[in-house]
Amino acid sequence: MAVKRIGSSTIKFANPPSIAAWATIVGKKEGEGPLAGCFDYISEDNTFGQKTWEKAESHIQLMAVQKALEKAQLSPNQIDYILAGDLLNQCIGSTYALRDLGMPLLGLYGACSTMAESIAIASMIVDGGFASRCATVTSSHYCSAERQFRFPLDYGGQRPQSAQWTVTGSGALIIEELGDGPYITHATVGVIQDLGVTDSNNMGAAMAPAAAHTLRAFLEDTAMPPEKLGLVLTGDLGKVGSENLLQLLSMDGIDIEPYYNDCGLMIFDDKQDVHAGGSGCACSALVLAGKILPEIKGGKLDSVIFMATGALMSPTSVQQGESIPGIAHLVRISRQKGDE
Amino acid sequence: METFITYLKVFITGGILCFIAQLLIEFTKLTPARILVIYVVAGVVLAALGIYPYIAEFGQAGASVPLTGFGYSLAKGVMKAVDEKGLLGAFTGGLTSTSGGIAAAVFFGYLVALIFKPGDKS
């Protein structure tokens, strides 16, 4: 009997897991952005001393996990599961990062929604009594993402104005059974929404319907009025996607605009010439772990509805003329365990 | 003064061709590779229609350096080879006339790749 489900799609954790520690590692551009002061480590050199961009991404992810462990004062063998994913083929960013850590690995693919997906599943594992502690981590790197989805940098192509800038960095969390919070109180796993968007330069439009769908499900299941939501934060809808989301929700009479923000719009400044905003798995992970969790812990923010969005296409599917399916996973993180 | 006018014509011709390409990048979904291919084909078509020789005479390097010039060179080579060898020339003529350009592109591209590594645009 699924006792911890409410409504049609949402999980309400019986014993909300606590986030013990978080770590953020970023590259040069992110370190020059508006959130620079929030990150644990900024590298001036996006190679991070490695020979390839892919190795650099793995290195960043490893650094994030190690930093989170250090902050939680834990060793790798005290983590029951690590949930990790990234944008590269076969998730090699994660697998090569974690191969020497000796932690039981659950590899995930959610594109840019990976952070929310990993937090949701880790919370289920902990609240379900299957683990005392889980780690979640995700990463992205501008250069490896360009090779993965578009062209290797050596090609020397120009970026169109509508392109988003893949964030270089990694965010890691340690989630445990007992602690002082912030607490993960709810999770709503997303359903793929594909409204036929084929323009890979407008991912925001492809993902906004998924975000609207998941948020609607959460609001129906919890009957939470919009004013009680705290901050509603999407992953990387960017400028166009954010507007689409607000429009879609207002068609259902839901107005979240006063409490809404998007990580892709927060991580970079307009002056940094990133065109349509930040994207990548690390985008939402870094804003969550760098800015939001400290604000909740410090009492500045009560709760956040963290909804990372992902575009589930591949370069091959795009070349074959397929549209871009979107997904959004939601977790509610709050200063308190209960509904107060 | 005459040399200045020549350089001005070269600059304007090359500039207009590149400007059109930039408009295509900004306002269409065409990838750079597709734009390059369109330029080569455009050069061939304009050569076949007898228009490109006038552009080439006016713009000189400004018409021969952009990829439309390559298409023009291809077309000229084919036309010459067909005159000399008949149908076989349709296959051999294009590569023969552009062989210098292609070899130079491969050679210098290789040289640059040996010397430089791509940066991360930061």
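How many residue pairs are in polar contact across the interface of chain B and chain A? In this predicted model, local features need pLDDT of at least 70 and side-chain atom pairs count only at pLDDT 80 or more, while totals for chains, interfaces and linings use all residues. Residues are numbered from 1 along each chain as its sequence is written, chains are lettered from A in the order in which they are written, and side-chain values use heavy atoms, with hydrogens and water left out.

The rule finds one such pair, with both residues at pLDDT 80 or more; a polar contact is a pair of N or O atoms within 3.5 Å, one able to donate a hydrogen and the other to accept it, and residues adjacent in sequence count only if both atoms are side-chain atoms. On the side of chain B that touches chain A, two or more residues each come from helix H1 (2–27) and helix H2 (32–48) of chain B, helices being DSSP runs of H or I with at least four residues. H1(B) gives the largest share of this side, three residues.

Over all chains, five aromatic pairs are counted, that is, rings of Phe, Tyr and Trp (its six-membered ring) with centres within 6.5 Å. One of them, A:Tyr142 with A:Trp165, is stacked, at 4.0 Å centre to centre and 10° between the planes; stacked planes are under 30 degrees apart. A:Tyr142 lies in helix H5 (residues 142–149) of chain A and A:Trp165 in strand S8 (residues 165–166) of chain A, so the pair ties together parts 23 residues apart in sequence. Strands are DSSP runs of E with at least two residues.

Note on methods: Rings of Phe, Tyr and Trp (its six-membered ring) pair if their centres lie within 6.5 Å; planes under 30 degrees apart count as stacked, over 60 as edge-to-face and the rest as tilted.
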